[in-house]
Amino acid sequence: MSAYVGRFAPSPTGLLHAGSLVAALASWLDARAHSGRWFVRIEDVDTPRCVAGADQAILKQLALCGLHPDGPVLWQSQRDEVYQHALDQLIAQGLAYPCGCSRKDIESAQASPTQRHHAQVYPGTCRQGLQGKPARAWRLNVQAVLELHGMTPLVHWHDRRLGEQTQDVLQEVGDFVLRRADGLWAYQLAVVVDDAAQGITDVVRGQDLADNTARQIVLQRALGLPTPRYLHTPLVLGVNGEKLSKQNGAQALDLSDPLAALNEAAHALGLASSGPTLQEALNTWTSQWLEHAYQQQCLSGGGRLNGWRWERDSLYDHPSSAP
Ligand SMILES: [Zn+2]
């Protein structure tokens with residue numbers, strides 16, 4: 001029995017759309033092709049954004065597509081104590097600190113607010129203390145983690161499709177949030193804790209999440225948790241050329257014909273159409289998965305995703321563990 005453990009981790013902010021089915025199918029196929037197990041985790045820590053009933057609807061969508069988890073589904077909203085324990089561990093080690101900054105404080109403290117258009121870099125204002133401000137959020141002291149664990153500022157990681165990746169977390173992100181000002185757990189903390197708790201060896205998820213990986217590796221080291229292997233799947237673009245997402249109004253999947261929906265997802269992954277039944281198609285793709293995908297030109301975007309290169313050896317590597 002393979003030690004491989006994979007997962008699909010949707011946020012129940014709506015139903016699955018064509019893009020999220022690609023990530024679900026890829027993670028399921030990768031687990032099957034490695035004779036591994038595949039779990040589903042409902043990432044519902046951001047409760048104000050969750051839609052009532054969407055979790056059950058997503059599970060039903062997956063079942064209609066023949067993608068059945070190999071164990072109990074995990075709901076992040078039920079794991080408050082586990083996340084608190086992780087935060088306490090970081091605080092005890094001097095690796096997390098309270099932050100009293102408002103969004104506006106952070107903006108005005110930035111040397112060059114335009115350097116990263118899609119996220120604010122936290123300038124470390126409260127690292128030396130709150131200076132009378134009330135604590136709002138908890139942040140990871142990235143510099144302290146790097147020093148404690150002998151890590152270089154540039155965090156390196158290998159993506160099975162995108163190849164070598166680097167990010168200077170301190171410069172490009174700063175001390176990131178672990179617990180938000182509204183009391184909710186930050187995505188990064190919940191994901192890192194749960195990937196370890198579920199024994200995930202391989203994270204297969206959409207490329208829109210690739211940007212989070214370096215932060216998650218820093219947090220894994222801080223908490224003494226292993227680092228899984230990563231594979232980020234190509235994004236499915238809508239007719240407007242933007243990635244499909246619930247935020248930009250992607251339609252929920254039409255599952256009146258699950259095989260047709262799966263064939264579209266398979267196509268985005270560079271797999272040929274298959275059938276005639278759902279089960280036969282899944283079996284065919286599973287047997288093709290490791291072989292097919294090394295140099296696959298994929299997606300109807302016509303070369304938009306030039307990064308679709310798989311590396312034969314890395315598909316068989318074992319995930320590295322943090323010392
Ligand atoms: Zn602050």
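Here is a short tour of a predicted protein model, from its overall make-up down to a few single residues.

**The big picture**

The protein holds 10 helices and 10 strands. Of its 323 residues, 41% are buried.

Let's start on the inside. The largest nonpolar core has 43 residues, and those with the most contacts inside it are V22, A24, L25 and A265. Quite a few elements give two or more residues to this core: strand 1 (5-8), helix 1, strand 2, helix 2 (54-64), strand 9 (202-206), strand 10 (229-233), helix 9 and helix 10. Which of them gives the most? That's helix 1, with nine residues.

Setting aside its neighbours within four places in sequence, A24 is in contact with F8, L16, L62 and L67. There is also a second, separate core of 39 residues, and V45, L90, V142 and A222 are included in it.

**Helices that cross**

| Helix pair | Angle | Axes apart |
|---|---|---|
| Helix 1 and helix 9 | about 75° | 9 Å |
| Helix 3 and helix 7 | about 105° | 10 Å |

In the pair of helix 1 and helix 9, the angle is about 75°, which makes helix 1 roughly perpendicular to helix 9. On the helix 1 side, the contact is made by A18, L21, V22 and L25, and on the helix 9 side by A261, L262, E264, A265, A266 and A268. Sorted by class, that contact has nine nonpolar residues, no polar ones and one charged one.

After helix 9 comes G270, which has a positive phi near 85°.

Now for helix 3 (residues 80-92) and helix 7 (residues 187-197), which pack at an angle of about 105°. Helix 3 is therefore roughly perpendicular to helix 7. Helix 3 brings V82, Y83, A86 and L87 to the contact, while helix 7 brings L189, A190, V193 and A197. By class, this contact has eight nonpolar residues, with no polar and no charged ones.

How many strands form the open sheet with the order 4-5-8? Three do, and their pairing is antiparallel. Strand 4 (96-99) and strand 8 (177-179) are the edge strands, each pairing on one side only. From one strand to the next, the twist averages 40°. Strand 5 (residues 137-140) is joined to strand 8 by two bridges, and R139 stands opposite V177 in strand 8.

Next, follow the chain into the loop between strand 8 and helix 7, where you'll find A186. Is A186 buried or exposed? It counts as buried, because it has 23 C-beta neighbours inside 10 Å, and the cut-off for buried is 20 or more. Leaving out its neighbours within four places in sequence, A186 is in contact with V177, L178, R179 and R180. A186 and A137 are 49 residues apart along the chain, yet their C-alpha atoms are separated by 9.8 Å.

Most residues other than glycine have a negative phi, and most peptide bonds are trans. A few spots in this model go the other way.

S35 is one of them: it isn't a glycine, but its phi is positive, near 50°. S35 sits in the loop between helix 1 (18-33) and strand 2 (37-42). S35 counts as exposed because it has 11 C-beta neighbours inside 10 Å, and the cut-off for exposed is 12 or fewer.

Q131 has a positive phi too, about 50°, although it is not a glycine. You'll find Q131 in the loop between helix 4 (103-109) and strand 5. With 8 C-beta neighbours inside 10 Å, Q131 counts as exposed.

Finally, where is a cis peptide bond found? It joins G275 and P276, with omega about 0°. P276 lies in the loop between helix 9 and helix 10 (278-292).

Notes. Residues are numbered from 1 along each chain as its sequence is written. This is a predicted model: local features need pLDDT of at least 70, side-chain atom pairs count only at pLDDT 80 or more; totals for chains, interfaces and linings use all residues. Axes are lines fitted to C-alpha atoms, for helices over the stretch in contact, and angles run from 0 to 180 degrees between N-to-C directions. Helices (H or I, at least four residues) and strands (E, at least two) are DSSP runs, numbered from the N terminus. Angles under 35 degrees count as roughly parallel, over 145 as roughly antiparallel, 65 to 115 as roughly perpendicular and the rest as oblique. Two residues are in contact if their C-beta atoms, placed from the backbone, lie within 7 Å. Ala, Val, Leu, Ile, Met, Phe, Trp, Tyr, Cys and Pro count as nonpolar, Asp, Glu, Lys and Arg as charged, and the others, Gly among them, as polar. Two strands pair if DSSP finds at least two bridges between them. A nonpolar core is a set of buried Ala, Val, Leu, Ile, Met, Phe, Trp, Tyr and Cys residues joined through C-beta atoms within 7 Å.
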